Amino acid sequence: MGQQQLLLLVIGIVIVALAVVVGIQQYGEGSQKAEVDRLTVEAVRMATSASAWRSTAVAFGGGRDDASFARFSLANIGFDNVTVVGNGEISADATSIRSVWNRSSAATYVSVANAAYTAEAQIYLYGPGPNCLAARTRRTIGGVDVFTPAAAPAVPAGCTW
């Protein structure tokens, strides 16, 4: 082979190697985003189930007129293996999700995280309407926890129990 052909072969190999490296990085970032999205969906499901429980009459097993969620538990919305911790509950399900329902303030929230604690979704439940859920997510980037948004979301207008 001539020098020009060898040069083209080496350049081709370098380009393919760079494409493989970029593809692996994109896959890693995409899978991490998919994990955050999965946790967010799970947290929204829990929060909307809690909101539905809160709007259901007591005669039907709900918690209408229970402003503090004092009678609420994760078992009410179908979660098993529940452990009470402080003002909240933790439930570990088959997909290794750690789910927390916190009742410590008016800004009660659901927090869901994966087993390795590299991603978390927090859904703040401020009231009965569909616009009264505010999301916050966390992921670990280079060993540093990054929250989006950095602070807990403010209560949306008209969203109080």
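This is a predicted model: local features need pLDDT of at least 70, side-chain atom pairs count only at pLDDT 80 or more; totals for chains, interfaces and linings use all residues.
**Stop 1: the main core**

Select Met46, Phe69, Phe72, Leu74, Trp101 and Val110. The largest nonpolar core has 19 residues, and these six touch the most other members. Next, colour helix H1 (3-55), strand S4 (109-113) and strand S5 (119-125), each of which supplies at least two residues of this core. Helix H1 gives the most, with 7 residues.

Now centre the view on Met46. Which residues does Met46 touch, leaving aside those up to four places away in sequence? They are Leu74, Ile77, Phe79, Ser99, Val110 and Val112.

**Stop 2**

**Stop 3: a patch on the surface**

Go to helix H1, where Leu6 is placed. Select Leu6 together with Leu9 and Ile13. The three form a nonpolar patch on the surface, with about 280 Å² of accessible area together. Is Leu6 itself buried or partly exposed? Leu6 has a relative accessible area of 42%, so it is partly exposed.

**Stop 4: a salt bridge within helix H1**

The model has 3 salt bridges. For one of them, select Arg45 and Glu42, whose side chains meet with N and O 2.9 Å apart. Because these residues are 3 apart in helix H1, about one helical turn separates them.

**Stop 5: a salt-bridge network**

Select Glu120, Arg138 and Asp145, which are linked in a network of salt bridges. Begin with Glu120 and Arg138, where the closest N and O atoms are 3.0 Å apart. This pair links distant parts of the chain: Glu120 is in strand S5 and Arg138 is in strand S6 (residues 133-141), 18 residues apart.

Then look from Arg138 to Asp145. The closest N and O atoms of this salt bridge are 3.0 Å apart. Arg138 is buried, with a relative accessible area of 7%, and Glu120 is buried as well. Asp145 is partly exposed, with a relative accessible area of 45%.

Terms used. Residues are numbered from 1 along each chain as its sequence is written. Side-chain values use heavy atoms; hydrogens and water are left out. A nonpolar core is a set of buried Ala, Val, Leu, Ile, Met, Phe, Trp, Tyr and Cys residues joined through side-chain atoms within 4.5 Å. Buried means under 20% relative accessible area, exposed over 50%, partly exposed in between (1.4 Å probe, protein chains only). Helices (H or I, at least four residues) and strands (E, at least two) are DSSP runs, numbered from the N terminus. Contact means heavy atoms within 4.5 Å. Patches are made of residues with over 30% relative accessible area and no salt bridge: like charges are joined within 9 Å, nonpolar side chains (Val, Leu, Ile, Met, Phe, Trp, Tyr) within 5 Å. Accessible areas come from the Shrake-Rupley method with a 1.4 Å probe; for residues, only the protein chains shown count as cover. A salt bridge is a side-chain nitrogen of Lys or Arg within 4 Å of a carboxyl oxygen of Asp or Glu.
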